[in-house]
Amino acid sequence: MCRWSLPDRNRLRRRIVLVELPTQLHVRYANGRLEVQGDTTRRMSISAQAMIHDLLACVDDRSIDLISIAAGAYAIDRIHRRKVSIKNEAGLRTIPVCFHVADLAYWSQPHVVDQLAELLHFLSGDFWLISFSPHERPAPAVGQTTLDFGPHLKPSRVALYSGGLDSAAGLAASLQSGQRDIMLLTAGHQSAIRRRAMDQIKLLKHVLPQAGSISHASFVLGLERSGRIRDQETTQRSRGFLFCASGAVLASVCGVDVVHVYENGHGAINLPLGGAPLSNGLSTRGAHPTFLAMMTQVASDALERPVRFELPFARVTKAAMIEALVHTPGLVQWAQQSRSCVHTSWREAGVTHCGYCAACIERHQAFVGAGARDLTPYSRPLWEREDAMNDDYFRSYVWQAQRWAEGDLGMRDRLGDHCAPSQLSAPFEDLVLLHQKHAEEVLSVYARHADPSPSGRARQAQLRAA
């Protein structure tokens with residue numbers, strides 16, 4: 001059976017996209033291994049702590065299908081690089097893929113196919129032509145049930161935990177606010193991500209007694225013959241689908257309805273610098289409120305129980321999240337153990353962050369903007385250089401903050417255009433205030449690089465127009 005689906009809002013592009021289709025890819029999952037077959041065959045292992053193995057042993061076929069679909073999309077996103085050309089400046093891809101699933105009757109329903117295609121398009125900007133075929137797996141030993149955590153633990157919620165600054169600050173702030181019995185889930189494409197997350201949780205339990213109620217599950221995806229990072233697609237925007245799908249299944253067997261995503265509101269909206277569209281302006285929409293609403297619908301329908309994804313820090317900035325930790329001894333120092341750098345393979349003795357990527361720039365701004373010392377060992381901190389404004393990203397970052405601070409109506413228009421197709425539930429004026437607050441924080445840290453003179457602002461306007 002084959003049903004292809006494209007997002008309805010992109011029908012006008014079909015004549016261009018469908019002129020020449022690449023080879024259809026086939027995705028199969030069984031016994032901890034995912035196979036992606038096309039022109040060549042690539043395999044990906046899914047290794048995990050024993051708890052996740054127990055999880056996959058007690059859930060039904062459809063739950064395993066959901067994880068395998070999400071893992072397959074991630075593998076494809078990572079394997080097939082974007083090809084940028086004059087006619088395709090954003091490197092948009094058309095991806096025909098057939099997922100081999102156990103519950104064919106459910107996944108082949110037209111509305112389910114459309115939901116998945118729309119979700120993946122929203123995340124990646126690509127056009128996913130999705131079909132399904134039957135796949136028989138060994139039957140689970142038991143039917144779907146709730147995991148038994150013993151008499152001393154009943155999770156109140158599941159939270160995604162990456163080991164980044166937002167997830168660290170969000171977890172600590174949640175514990176300070178009185179939340180307990182949180183089940184954390186870490187999903188990584190490198191074993192080091194899982195190890196770092198586990199070490200962070202262990203250290204947190206020494207700083208905050210409340211952290212003793214935390215449980216932690218994790219898994220790692222290992223792509224065979226992955227080669228060098230430079231030979232892979234680096235955007236990997238579909239990772240959010242994999243993380244959330246796994247979180248939904250874990251929440252289901254934990255018997256809870258809520259999955260928290262620890263991301264600040266400004267970062268979740270992720271308004272591109274310079275007015276760029278999704279295709280070339282965003283690295284991710286994995287915490288975007290619209291994606292989480294889509295994920296809530298997809299997961300709840302597939303698992304046949306309510307699973308709701310929430311952004312508990314949707315109304316605050318990253319600096320505000322850190323500021324909540326300042327008055328508790330040891331918490332800000334603990335948060336320094338988090339990792340933010342885009343260059344995850346950074347290798348320099350005593351150095352964990354490059355100091356010039358977008359994530360490092362935002363990390364430093366957040367710590368200092370919160371009134372805390374940034375003790376992160378950076379290799380080459382861009383903001384300390386006199387010629388920092390020669391860097392395209394940093395210049396746009398500071399200039400955009402200036403425009404917000406000056407009440408530039410063009411920024412409101414850009415935010416409105418960005419949010420219009422997203423169907424956000426938050427009032428627009430609240431989003432404006434959030435971005436203005438972030439701009440104030442940026443200028444409080446990087447003010448010496450801004451050009452406050454009228455001639456400087458006029459020069460910025462000329463460059464933007466050019």
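Buried means under 20% relative accessible area, exposed over 50% and partly exposed in between, with a 1.4 Å probe and protein chains only. This is a predicted model: local features need pLDDT of at least 70, side-chain atom pairs count only at pLDDT 80 or more, and totals for chains, interfaces and linings use all residues. Residues are numbered from 1 along each chain as its sequence is written, and side-chain values use heavy atoms, with hydrogens and water left out.

**View 1. Strand 1 and strand 2 form a hairpin.** Helices (H or I, at least four residues) and strands (E, at least two) are DSSP runs, numbered from the N terminus. Two strands pair if DSSP finds at least two bridges between them. Strand 1 covers residues 25-30 and pairs with strand 2 in the antiparallel sense, over five bridges. R28 has E35 of strand 2 as its bridge partner. Two residues lie between the strands. In the turn, N31 has a positive phi of about 55°.

**View 2. Strand 2 has a covered face and an uncovered one.** In a regular strand the side chains alternate between the two faces of the sheet. Strand 2 spans residues 33-37. L34 and V36 make up its covered face. R33, E35 and Q37 are on the uncovered face.

**View 3. Strand 4 is covered on both faces.** Eight of the eight residues of strand 4 (residues 94-101) are buried, so this strand is largely enclosed by the rest of the structure. T94, P96, C98 and H100 take one side. I95, V97, F99 and V101 take the other. Strand 4 runs parallel to strand 1, joined by three bridges. Here V27 stands opposite F99. Strand 5 (residues 127-134) also pairs with strand 4 in the parallel sense, over eight bridges. V101 stands opposite P134 of strand 5.

**View 4. Helix 8 packs against helix 11.** Axes are lines fitted to C-alpha atoms, for helices over the stretch in contact, and angles run from 0 to 180 degrees between N-to-C directions. Helix 8 (residues 239-254) and helix 11 (residues 289-303) pack at about 45°, with axes 10 Å apart. That angle makes helix 8 oblique to helix 11. Angles under 35 degrees count as roughly parallel, over 145 as roughly antiparallel, 65 to 115 as roughly perpendicular and the rest as oblique. Contact means heavy atoms within 4.5 Å. Helix 8 makes the contact through G240, F241, C244, A245, A248, V249 and S252; helix 11 uses F291, L292, M295, A299 and L303. Ten of these residues are nonpolar, two are polar and none is charged. Ala, Val, Leu, Ile, Met, Phe, Trp, Tyr, Cys and Pro count as nonpolar, Asp, Glu, Lys and Arg as charged, and the others, Gly among them, as polar.

**View 5. Helix 3 meets helix 11.** Helix 3 (residues 61-79) packs with helix 11 at an angle of about 150°, their axes 9 Å apart. The two helices are therefore roughly antiparallel. R62, S63 and L66 of helix 3 meet V298, D301, A302 and L303 of helix 11. This contact has four nonpolar, one polar and two charged residues.

**View 6. Helix 3 also meets helix 8.** Their axes come within 8 Å and cross at roughly 165°. Helix 3 and helix 8 are therefore roughly antiparallel. Residues of helix 3 in the contact include S63, L66, I67 and Y74; among their partners in helix 8 are R239, F241, L242 and V249. The contact divides into eleven nonpolar, two polar and one charged.
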